[in-house]
Amino acid sequence: MTALDTPTPLRPTIAPRSRPGTGRVFAAVLRRDLMVTGRELWVILVQVGLTPLFMLFVFNTVLGSQGLVGRGFADVFLPGIIALAALTTALQSVALPLVKEFGFTMEIEDRLMAPLPTGYVAIGKLVIATIRGLLAAVLIYPLGALMVGSAPWRPAGLPLAFVVALLGAWIGGAIGMSLATTLPVQRINVTFSVILTPIIWTGCIHYPWPRLSSVPWYQVVTALNPMTYVSEGVRGALLPGVPHLPGWVCLTVLTGVAVVLTWVSVRCFSRRAIQ
Amino acid sequence: MPSRDGPAVVEVHDLVKRYPRADTNAVDGLSFTVTPGEIFGLFGPNGAGKSTTVGILTTRLRATGGRVTVGGVDVGRDPAAARAQLAVVPQHNNLDRALTPRQNLVYHATYHGVRRREAQARAAELLERFGLTERADRRIEAYSGGMAQRLMIARALTHEPTVLFLDEPTNALDPQTRLLIWGQLRELRARGVAIVLTTHAMNEAARVVDRVGIVDHGRLLTLDTPTNLVRGLAGDALLDLTVTPAGGDDPDAICAALGELTGVRKAERLATPTGPAGWRPGGGGAGLAGVGAGGAGMLAALAAGAGGGRPGAGRLAALAGAGLLGRGGGAAGNGGRGRLRIRLHLAGEAATLLGPAVTALAARSAAINAVDIGEPSLEDVFIELTGRQPR
């Protein structure tokens, strides 16, 4: 088709724009999520606090007072709860908003239209999810200690616990993003239950992994769950006296899983964003 | 193809898009260009491929073949750089609900590298220009459809794009908002922004678009100025006749007979009207309700007398004198059964064809129930090219 009768531009003053720097755009996209996160701090507190604190209360205070659970259980359990808060808070804080933003409101389009490779928008989401997960882990530590009346305290182990929780949160964010960008909206609820429940209950939150040698098949199952390495890593850092997986094993496995899941989740996000 | 006035800011060359597991191409070899300061209308029925085309131009869809550049940037090769050149106003409300209206503008600008202080100044100016200053710091949920649409256009302008894409920009908006939006688009055109818009409100858009491309089945059917399209395809005038054929007469034969009259480019049957006067071409026209076959002579004489001036759409006098009316609106007489609506696309004045048409109908003893005269519109061109079947 020939374009005839092309009108004369009246006053063409708009010159093609130069592309802004990637770092600057990435920071702007991140800033928006940080601002929203800051405003939703109380939501994170509720998200973080309820399930783990109830678990602590029932397993330690209720069952402990009935003599069904030993006195040292709280010390073993609290590191698991910190690990659980890091991973699941990150998972939820990226998955649920993404389902909404991609599925119903399409709010994310504005950020997808920023002059930035789409993968960076996905990485930004993972960064925010990790921050929220870490925030949850940091908050649950003193809250849990208050709940059970004591907590393992070993300053030398805190850096390792922090790195493990960070990797756990990053992995949780990546799992959440992969699910939210690939599953049909109508199946998202049931899938979360199907995925989250085994993550929690086979993640060595309540028990040290080496002691599962009495149930070998279950020990193998738990070894397939990245949550196990987060729980064991935090527990080992805070309670070196309790049998646990070596820290280097936890860090190696978690780094490997984080690399693979980052690739998978960014790919899922990009495929959803650009068809 | 670059225009004669400078390089195009949108170039689409042999664009092809086939979705996975699809049997046919959604876009099938599309080519067109848009120059700075031009408003380009991309029209087509639902599923014609226009949204896919805009999706590829705005980097949200990946092309299967062909080449697309926006602001001189190859969209396929460097989508991030292309996004710096363009802005999109979608049909659905995709405003960021976690932010206030003002923050929507400020954050959008910063996503495009505008410094925060400058972004805030631009946001304030745009909120003022779109009449949203007073409601700039409320929740987005409190916004009406028109306000959300204005805010989305304002947001698109915060980073001063070279090309602005709008999908149904005035859909379901009140006349005041529509006027404001069309006015703003004219202003942007004057500043050299290229605008690509898709809409079904073609007759309204025809007043602002410089060129129109009509697509169907992924192909460009035509590309020209609205005036040239209307003149070239739909003819100079339309004459709609509602008639009741004589018993046993074949409706298609009546249509064919009218189509053979000198000055008629095409005759087509329309759906039977439901109201007393029926649909009127070009948004207005003359109504001659309930003229029986016996009144044909008088009608022809009137038509001959009125042949001096070319009637404009919606301005033709209604010839509804009591003497002309046969049976007080034939619709009531027979309940509309057996009626036939025929549209004649004319090469010249409608009034000069009225007499011969009435004579031809009288010769077949057909009763005329209504006559409507009007000017063809862009929508008529659209229907002519893409058919009447809903998609």
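Let me start with the open sheet in chain B: it has 6 strands in the order β6-β7-β8-β3-β9-β10, with mixed pairing. Strands here are DSSP runs of E of at least two residues, helices are runs of H or I of at least four, and both are numbered from the N terminus. Two strands count as paired if DSSP finds at least two bridges between them. At the edges sit β6 (86-89) and β10 (219-224) of chain B, each pairing on one side only. On average, neighbouring strands of this sheet are turned by 15° against each other, direction ignored.

This is a predicted model, so a word on the conventions: local features need pLDDT of at least 70, side-chain atom pairs need pLDDT 80 or more, and totals for chains, interfaces and linings use all residues. Residues are numbered from 1 along each chain as written, chains are lettered from A and ligands numbered from 1 in the order written, and side-chain values use heavy atoms, without hydrogens and water.

Back to the sheet. β3 (residues 39-43) and β8 (residues 194-198) of chain B pair in the parallel sense over 3 bridges. Within that pair, Ile39(B) stands opposite Ile195(B).

Now the helices. Helix α5 (residues 145-157) of chain B touches β6 and β7 (163-167) of chain B, and its direction makes about 175° with that of β6(B). Contact means heavy atoms within 4.5 Å. Angles run from 0 to 180 degrees between N-to-C directions, with axes fitted to C-alpha atoms, for helices over the stretch in contact. Helix α13 (residues 378-386) of chain B lies across β3, β9 (211-216) and β10 of chain B, at about 30° to β9(B).
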